[in-house]
Amino acid sequence: MEEILKPVEKFVKKELIENCHLWDAEPQQFRKDTFRQIEKKLGILQLPEIDKENFISNARGVVRLLASGCGSIAFIYAVNFAITSFLKERTSLPSGKLFISPVIIEKDDWLFYFKREKKLSGKLDGIIAGDLGEIFFLPVARENDERGWLLIEGTTSYSEENSFLPGLRPLTTGRINFENFSLKDDLLFLPQGEWFEEFKSWFLIYLIPLFSGLVENALNISENYAKERFQGGQPIIEIPSVRRLLNSIRATLATLNHLSSYPIKSRWIEEIRKIYISIIDDAEEAILNSIQVMGGYGYMQDYRVERILRDFRSIRSIFSPLEYITE
Amino acid sequence: MKYPEDLPSIPVNYAEEKLFSPEINHLVEKRLSKRFEKIRRDARDFSEKFIYPSALKIDWIIKNEDHDYTPWDIVKEGMKRGYLSFMYPKVTGGKGGLTAEFAVLMEELSAACPGIANIFGANALGAAAIVFSFNPDIWERYLVRAVEAEKMGEPVIFAWAITEPSAGSDVEYDEGLEKGTLTCEAKPVVGGFRLSGRKVFISNGSIAKYIVVKAATDKKRGRETWSTFIVSSSAEGFRVVRTEYKMGQVACPAAELEFDEVFISRRDTIGPVGSGRIMSKLILAASRGPVGAISTGIALGAFRLAAGYAMREDTPYSRSIRNPVIREILVEMFNRIRTARLSYLEATSNFDKLLLPPRSIMDGAEKPYRALTPLIRRENILEKLHRIGDKILERYFDHIVSSGKLDAQYKLASSAKVIGSDTAVWVASRALDIIRPGDHPYWLAAQKLYRDAKLVQIYEGTNQLNKQSIGNFLLTG
């Protein structure tokens with residue numbers, strides 16, 4: 001595992017943290033091939049082949065590390081791992097490709113799937129990182145109104161919409177268009193069914209380490225600030241209320257770290273939902289507290305901690321805990 | 001990426017009225033509640049006409065296109081309704097509004113956009129020391145002139161500059177001033193002072209015509225020499241260093257200001273040297289209530305969005321009002337808003353009752369003051385009145401400190417600020433749980449309010465500082 005995580009850690013510290021700050025302020029600096037360059041350097045998409053047995057724990061470790069530098073890049077991989085973790089039990093998957101699916105999955109949008117002609121038509125809105133995806137797992141409706149999800153490989157046209165998220169920059173949100181799109185033979189179609197709950201839960205498996213990374217980053221920034229910032233002749237880390245806030249963030253981080261390696265056993269779908277619901281408020285509070293430690297500076301973009309809150313809140317909104325509470 | 005011009009205006013659904021009849025009727029005497037309702041109605045009318053249709057676009061422009069954009073058209077419309085001069089005494093031509101009334105105005109405007117509301121809020125904060133100077137000389141030269149300029153269609157904005165780069169919340173309380181690393185200093189010179197140093201995060205700092213600056217006249221003795229000065233933005237040596245890139249409330253700029261040997265005449269000093277501590281405490285005792293109101297407004301705005309969204313027919317069941325879980329969450333949101341509203345109404349009404357001269361006296365003074373205006377406006381008379389004003393202020397400060405009224409009010413106001421701001425963040429977060437991302441314009445408006453909300457836990461003293469300053473009273477015998 002260390003062999004896999006070490007280069008990622010090095011990359012995060014040396015390049016990702018700085019670049020992520022830049023991409024947040026100037027998303028146009030994140031070009032289409034930037035993601036491919038990152039992937040070329042780290043080969044994260046190859047993880048399922050590198051160590052099949054430990055894939056999930058490795059993937060969770062990678063997501064956590066990436067999130068400690070950049071929430072948006074970690075998010076792309078978390079989505080990819082969730083989709084591939086779910087699909088790899090059902091079909092053989094091409095290696096080294098980025099999988100994307102709609103993440104606001106309760107939307108009632110469907111593509112038209114003409115099975116006999118092997119054609120696809122229609123559009124889907126609100127696809128995050130749709131421009132980076134190579135393989136899509138998408139909701140489709142057949143002529144006989146049979147509905148399900150289809151694995152689609154190939155290029156699609158993508159038009160960027162106004163990003164509706166407060167964070168996760170430089171990822172774009174857009175519309176993927178399929179006009180008379182020809183499909184390959186060997187990809188998977190899953191008719192609507194109970195599997196969908198499992199699919200949704202896979203995202204949560206990777207979101208918990210993602211939150212862990214975000215909180216770690218927030219803690220690092222606010223802790224360093226508290227050590228270096230002097231008020232009244234002493235570093236503010238000596239002030240009891242600042243120490244209290246930092247300790248509370250540390251406690252949440254410890255819990256999240258523990259849960260990030262939570263073993264996936266039977267009844268895991270139910271359990272991961274409970275874990276997600278129980279930890280999400282604490283995770284948000286921890287990031288809010290990191291800003292609080294820094295006072296006005298924490299609210300300003302230059303100090304880089306407010307971005308973490310925007311990233312976190314974007315993800316929480318996409319995977320609203322209400323979706324899991326009300327079911 | 002351009003702003004989507006076809007985006008509908010932020011929808012307004014006063015859903016809270018379904019849950020609770022306007023509670024202020026039960027709270028305060030009827031005459032006041034009528035005034036509150038009039039203010040609330042006017043603020044709603046203003047918000048619907050000017051803020052809701054443009055708040056998202058202004059947020060977008062400042063974040064993506066023009067960092068220094070100020071919505072002057074809205075400010076001018078608010079000015080016409082007296083929102084800039086709301087707190088100025090009637091004798092100066094202002095509306096003579098009470099703190100509680102201003103808080104109601106702030107709540108309703110903040111429900112639409114706390115950034116825009118805060119332009120008016122920070123203006124009142126900036127003018128507060130001038131209002132509380134009870135000094136006809138200062139009133140004439142600043143408030144009267146500001147109101148006259150407003151009549152000509154020219155907004156005159158005030159700002160309050162207290163926070164320093166190396167002393168954040170420190171400078172807002174006594175102990176902090178003793179230990180704080182002050183950088184600003186107004187050294188006494190012939191005829192006045194020379195102010196040098198920097199102030200940071202100053203709301204309205206880059207658009208203000210006048211900045212009320214807190215500074216020590218001897219920074220080694222910050223507590224004893226903390227004083228209040230008025231600086232014009234056209235003064236030599238004054239510079240706006242930068243406006244900050246904030247997460248939210250972007251319509252109201254936060255600026256870093258530099259003072260390089262800026263000369264301040266003695267007549268632009270509010271109160272005697274060393275009275276700045278009490279003045280700060282008085283202003284915070286007044287303004288933390290309205291900050292609680294801004295916070296309540298943010299929560300109310302988020303609640304209205306969430307409830308309005310949940311009430312739509314095409315909202316998915318998991319997020320719909322048809323779902324009992326959503327109804328429960330909405331009621332919990334509103335319960336917290338009620339608590340926050342009651343807290344700020346209590347704090348601000350208390351301020352008006354304890355620390356302001358009775359309204360009957362203030363209103364009664366209007367006619368004789370106006371009759372005497374030609375006399376008052378003579379330079380030599382104004383100078384004399386300035387000295388008398390300082391003496392009155394000194395006696396007033398002695399009274400509110402020795403009677404314990406200031407401390408009592410300070411605790412209440414700080415508490416209202418903490419309750420309100422925690423409510424704002426909590427409710428805004430829940431609204432984002434309810435509204436599905438991409439369901440515009442509900443979603444865009446709600447995520448904006450969430451970004452806006454975090455700031456209220458920070459400004460006017462962080463919530464931790466507020467709790468500490470309340471908690472310290474437990475130590476007193």
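Q: Into which domains is chain B divided?
A: Domain bounds come from an automatic or database domain assignment. Chain B has domain 1 (16–155 + 278–475) and domain 2 (158–274). This is a predicted model: local features need pLDDT of at least 70, side-chain atom pairs count only at pLDDT 80 or more, and totals for chains, interfaces and linings use all residues. Residues are numbered from 1 along each chain as its sequence is written, while chains are lettered from A and ligands numbered from 1 in the order in which they are written.

Q: How many residues does each domain of chain B give to the contact?
A: Two residues are in contact if their C-beta atoms, placed from the backbone, lie within 7 Å. Domain 1 of chain B gives 43 residues and domain 2 of chain B gives 29 residues. The centres of these two domains, taken over C-alpha atoms, are 23 Å apart.

Q: Which element gives the most to the side of domain 1 of chain B that touches domain 2 of chain B?
A: Helices (H or I, at least four residues) and strands (E, at least two) are DSSP runs, numbered from the N terminus. H7(B) gives the most to that side of domain 1 of chain B, with 13 residues. Elements giving two or more residues there include helix H7 (114–131), helix H8 (136–151) and helix H11 (276–311) of chain B.

Q: How do the residues of that side of domain 1 of chain B divide by class?
A: Ala, Val, Leu, Ile, Met, Phe, Trp, Tyr, Cys and Pro count as nonpolar; Asp, Glu, Lys and Arg count as charged; the others, Gly among them, count as polar. The side of domain 1 of chain B that touches domain 2 of chain B has 20 nonpolar, 12 polar and 11 charged residues.

Q: Which residues in H8(B) are buried?
A: A residue is buried if 20 or more other C-beta atoms, placed from the backbone, lie within 10 Å of its own; it is exposed if 12 or fewer do, and partly exposed in between. The buried residues in H8(B) include Pro136(B), Trp139(B), Tyr142(B) and Glu150(B). Gly153(B) follows H8(B), and its phi is positive, near 90 degrees.

Q: Which residues touch the most other members of the largest nonpolar core?
A: A nonpolar core is a set of buried Ala, Val, Leu, Ile, Met, Phe, Trp, Tyr and Cys residues joined through C-beta atoms within 7 Å. The largest one has 249 residues, and Ala306(B), Ala428(B) and Ala446(B) touch the most other members. H11(B) provides the largest share of this core, 20 residues. Leaving out residues up to four places away in sequence, Ala428(B) touches Ile298(B), Ala299(B), Ala302(B), Leu449(B), Tyr450(B) and Ala453(B).

Q: How many residues of chain B are in contact with chain A?
A: 43 residues of chain B meet 33 residues of chain A. H17(B) gives the most to the side of chain B that touches chain A, with 7 residues. By class, that side of chain B has 17 nonpolar, 17 polar and 9 charged residues.

Q: What is the radius of gyration of chain A?
A: The radius is taken over C-alpha atoms, and the globule rule is 2.2 Å times the number of residues to the power 0.38. Chain A has 20 Å, which agrees with the value near 20 Å for a compact globule of 327 residues. The C-alpha trace of chain A spans about 75 × 45 × 40 Å along its principal axes. Chain A holds 11 helices and 10 strands. Of its 327 residues, 47% count as buried.
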